[in-house]
Amino acid sequence: MNRATKATALSALSPLSLLALAALPGCGGDSGSDGDPTAGKPEAATSGAAQPSPAERLAKTMVTEPEVGGLKVEKTDEKFLFAQSPDEVTTDKPGCAPLALAMNQLPLGDPRADLTRSVSGQIESERESGIGFTYVTLTSYETGGAESAMAGVKKAVEACGDGFTAKSKENESPYDSIAAEKVTSAGDEALGFKSTLTFRDVQHVVHTEVVRSGETLAVYFSADGMAMVNGRPSDAKPSPTVVKAQNAKLA
């Protein structure tokens with residue numbers, strides 16, 4: 001997602017590389033609210049009868065630093081986006097599009113609002129356990145939308161085992177393989193998958209978890225950007241602390 005590079009594996013993995021190079025927020029869509037969700041909306045702030053918008057609900061539902069053991073929770077930076085919107089993403093195998101969106105912090109299906117945060121740092125209980133930089137993407141839907149989006153991810157995991165390539169206007173992301181993996185039960189339904197990819201002749205594994213709670217999806221994605229920059233294999237998983245805390249708020 002580094003727009004200064006050619007469409008290579010580097011640009012495909014540039015958000016991961018950026019994590020290692022500058023410890024900056026990663027890539028991701030963000031149509032939710034930041035800071036005070038009632039800012040600029042005095043009627044919502046003063047009227048007890050006013051209902052929060054979908055974006056405001058997501059802002060209140062996103063995990064905070066105290067809830068994840070003091071890990072750093074940051075807004076994502078638009079200049080490192082793989083794509084500005086799902087409409088800009090194509091795949092050589094159309095059925096694999098949901099996986100490309102999930103691994104690039106873009107909303108699935110037809111959402112009402114979405115919000116992404118990057119969570120960095122380590123807590124003592126997870127140190128030396130292969131836990132990487134974790135992205136959290138929350139998306140809300142009209143009735144039935146979350147279930148439909150979840151079904152699309154399940155179908156894609158089953159159909160895309162031998163990998164696929166995702167492209168946007170200026171970037172290209174090749175994935176060598178996709179495989180389902182077991183995750184802790186959460187929400188109304190949960191699934192996980194891992195993807196292998198090759199960067200500078202070194203293989204890396206990235207992991208994604210998707211949890212549906214009612215009409216909201218939480219997507220967790222993690223990778224080890226430092227390993228990719230340094231040319232060593234990696235296999236980084238989302239932080240269990242982050243996943244548990246976020247799932248609890250969704251419930």
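Where is the place of Asp201? I looked it up and found Asp201 in the loop between S8 and S9. Helices (H or I, at least four residues) and strands (E, at least two) are DSSP runs, numbered from the N terminus.

**Entry: ground rules.** I am reading a predicted model, where local features need pLDDT of at least 70, side-chain atom pairs count only at pLDDT 80 or more, and totals for chains, interfaces and linings use all residues. Residues are numbered from 1 along each chain as its sequence is written, and side-chain values use heavy atoms, with hydrogens and water left out.

**Entry: confidence.** I checked pLDDT, the predictor's confidence in each residue, from 0 to 100. The chain average is 80, and 76% of the residues score at least 70. Over residues 1-47, pLDDT stays under 50. For that stretch the model has 120 contacts beyond four places in sequence. Contact means heavy atoms within 4.5 Å.

**Entry: the whole chain.** I noted 7 helices and 11 strands. The chain has 251 residues, and 52% of them are buried. Buried means under 20% relative accessible area, exposed over 50%, and partly exposed in between (1.4 Å probe, protein chains only). Among contacts with a separation of 6 or more, 65% come from residues 24 or more positions apart.

Entry: Asp201 counts as exposed, at 79% relative accessibility. Gln105 also has a positive phi, near 55°, and is not glycine. I placed Gln105 in the loop between H4 and strand S3 (113-120). Is Gln105 buried or exposed? Gln105 is buried, with a relative accessible area of 2%.

**Entry: the disulfide.** I searched for pairs of cysteine sulfur atoms within 2.5 Å, the rule for a disulfide. The count came to 1 disulfide. Cys96 is joined to Cys160, with S to S at 1.9 Å. The link of Cys96 and Cys160 is left-handed, with -110° about the S-S bond. This pair links distant parts of the chain, 64 residues apart. Cys96 sits in the loop between strand S2 (90-91) and helix H4 (97-102). Cys160 sits in the loop between helix H5 (145-159) and strand S5 (164-167). Both Cys96 and Cys160 are buried.

**Entry: nonpolar cores.** A nonpolar core is a set of buried Ala, Val, Leu, Ile, Met, Phe, Trp, Tyr and Cys residues joined through side-chain atoms within 4.5 Å. Which residues touch the most other members of the largest core? Leu99, Met103, Phe164 and Phe193 do, in a core of 36 residues. Elements giving two or more residues to this core include H4, H5, S5 and strand S8 (189-199). H5 gives the most, with 6 residues. I then followed Leu99. Beyond its neighbours within four places in sequence, Leu99 is in contact with Val153, Ala156, Val157, Cys160, Phe164, Ile178 and Phe193. Another core, of 20 residues, lies apart from the largest one. Val68, Val136, Tyr220 and Val242 are among its members.

**Entry: aromatic rings.** Rings of Phe, Tyr and Trp (its six-membered ring) pair if their centres lie within 6.5 Å; planes under 30 degrees apart count as stacked, over 60 as edge-to-face and the rest as tilted. I counted 3 aromatic pairs by this rule. One of them is Phe133 with Tyr135, a tilted pair at 5.6 Å centre to centre and 45° between the planes. Phe133 and Tyr135 are both buried. Together with Phe221, Phe133 and Tyr135 form one aromatic cluster.
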